[in-house]
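Here are my notes on the model, point by point. Have the structure open while you read.

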Amino acid sequence: RVAEAQLVLETPAQRKHAIRGELDLLIPYQRITELKGRERDLDDLRRWVDSDRAASVCVITGGGGSGKTRLAIELLEQVETEAPGQWRLGFLTSAEMERFSKLQNLAEWRRRKPVLAVVDYAAGSAGLLRMWLDQLVAAAPDGEKLRLLLLEREASFEAGWLASAVSMGHAGTAVRALFDPPEPVRLATIADAMDRRSVLSAALRKAAEWKKAAVPGLPAVGADPEFERRLAEPVWGDPLTLMMAGLTAVETGVPAALAMNRVDLALRLAGRECDRVAGFAPHAPRRLMEHMAAYVTLSGGLTREALRRAAKAESEAIGLAHPEGWGRLADVGEDAFWEDGGARAVEPDVVGEALLLCGRGAEGRSRK
């Protein structure tokens, strides 16, 4: 008998890494704050998981930092806690989808355990998803459950990645029937003032603990009308923005942090990340270290070998060099962006994007 092909999923715990700097506090796998304002979304996902359907797909959308990944983590943790070891669950990468597809046609896959797989940044897997969905339609409507949770900033059956993942004609109609609910669900902003306060307060505490600094206090409820007014502004309905304000407020104080917008906060944190990276090579040109930070981030991370190649090529390309040579540049780059086997991109995305502006006047603005 041919052995069952094993789908390898990454658990939230496997994606959680050691904290190397303050930005790591913002990564959803760290779970530095409680999930707030998403109780209904989580309940809806649990009903979806528990439904009787053999195979089902759900799409969750929301802007960067709206809490899509954190919601998925909470779902995975809740299912595992309530049914330990009974589900195969975790995050499904494009590489694993491709590997598994070479071993197993989903139409013939007889799962020994129900599966709950989360595909983050689903647009990058649109081609593979099309193949998977077509095969799932042809599968027998029995056996253990399969749940695919797709996360992306935007999704539409009319155009874009989701439209390309759904076949045309009769086959497309059958694929559409796999989706529950039938349309993508967009995460709403956090509306409740106490939920916003809770996220901000937790981020403040964790950031102060990391920096070994005093925790700036929040005004008591109702004691500061100006604070309440600012906290009620639409920008603070986004969990990541609240958390970025918490990290920033340790240095600036709460009123100053809440006077900034999302872009200002991201630029300020990116500037501090540039400072951190430059500190690994104080005798090298700052612009060189910032350039390497941007390169690693644009590449989505690099293996050790790729980092060494990039250190040489990029030094030559921009005409800046580490005083001890490109080999030393690769070494300090690995230290600055440490990850097992290579270098990790700056996260979260909004700060990584802002970091690309370092060295072009942005860092001066961001650290004022």
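1. Some ground rules to start. I call something a salt bridge when a side-chain nitrogen of Lys or Arg sits within 4 Å of a carboxyl oxygen of Asp or Glu. This is a predicted model, so bear in mind that local features need pLDDT of at least 70 and side-chain atom pairs count only at pLDDT 80 or more, while totals for chains, interfaces and linings use all residues. Residues are numbered from 1 along each chain as its sequence is written, and side-chain values use heavy atoms, with hydrogens and water left out.

2. By that rule there are 32 salt bridges. Have a look at the one between arginine 31 and glutamate 74, where N and O are 3.2 Å apart. Arginine 31 belongs to the loop between helix H1 (12–15) and helix H2 (39–50) while glutamate 74 is in helix H3, so the pair ties together parts that are 43 residues apart in sequence. Helices (H or I, at least four residues) and strands (E, at least two) are DSSP runs, numbered from the N terminus.

3. Is each partner of that pair buried or exposed? For burial, under 20% relative accessible area is buried, over 50% is exposed and in between is partly exposed (1.4 Å probe, protein chains only). Arginine 31 comes out partly exposed at 34%, and glutamate 74 is buried at 17%.

4. Aspartate 24 pairs with arginine 20, with 3.8 Å between the closest N and O atoms, and both residues are buried. There is also a network of salt bridges linking Glu22, Lys211, Glu251 and Arg272.

5. Two strands pair if DSSP finds at least two bridges between them. The sheet is open, its order is S2-S3-S4-S1-S5, and the pairing is parallel. Strand S2 (88–91) and strand S5 (185–186) are the edge strands, each pairing on one side only. Helix H3 (residues 68–82) packs on this sheet and touches S1, S2, strand S3 (115–119) and strand S4 (146–152). The direction of H3 makes about 160° with that of S2; axes here are lines fitted to C-alpha atoms, for helices over the stretch in contact, and angles run from 0 to 180 degrees between N-to-C directions.

6. S4 deserves a look of its own. Seven of its seven residues are buried. Leu146, Leu148, Leu150 and Glu152 point one way, whereas Arg147, Leu149 and Leu151 point the other way. As background, side chains in a regular strand alternate between the two faces of the sheet. S4 pairs with S1 over seven bridges, with serine 56 partnered by arginine 147. S4 also pairs with S3 over five bridges, and there valine 115 stands opposite leucine 146.

7. Arginine 186 is in strand S5 and glutamate 154 in the loop between S4 and helix H6 (161–165), so the pair ties together parts that are 32 residues apart in sequence. Arginine 186 is partly exposed at 44%, and glutamate 154 is exposed at 53%.

8. Which residues touch the most other members of the largest nonpolar core? Leu26, Leu200, Met244, Phe337 and Val351 do, in a core of 56 residues. A nonpolar core is a set of buried Ala, Val, Leu, Ile, Met, Phe, Trp, Tyr and Cys residues joined through side-chain atoms within 4.5 Å. Helix H10 (residues 239–252) gives the largest share, eight residues. Leaving aside neighbours within four places in sequence, methionine 244 is in contact (heavy atoms within 4.5 Å) with residues including Leu26, Arg262 and Val351. A second, separate core has 32 residues, among them Ala117 and Trp132.

9. Finally, the open three-stranded sheet: its order is S6-S8-S7, with antiparallel pairing. Strand S6 (302–303) and strand S7 (338–339) each have a single partner strand, so one side of each lacks a neighbour in the sheet. Threonine 303 has glycine 342, in S8, as its bridge partner.
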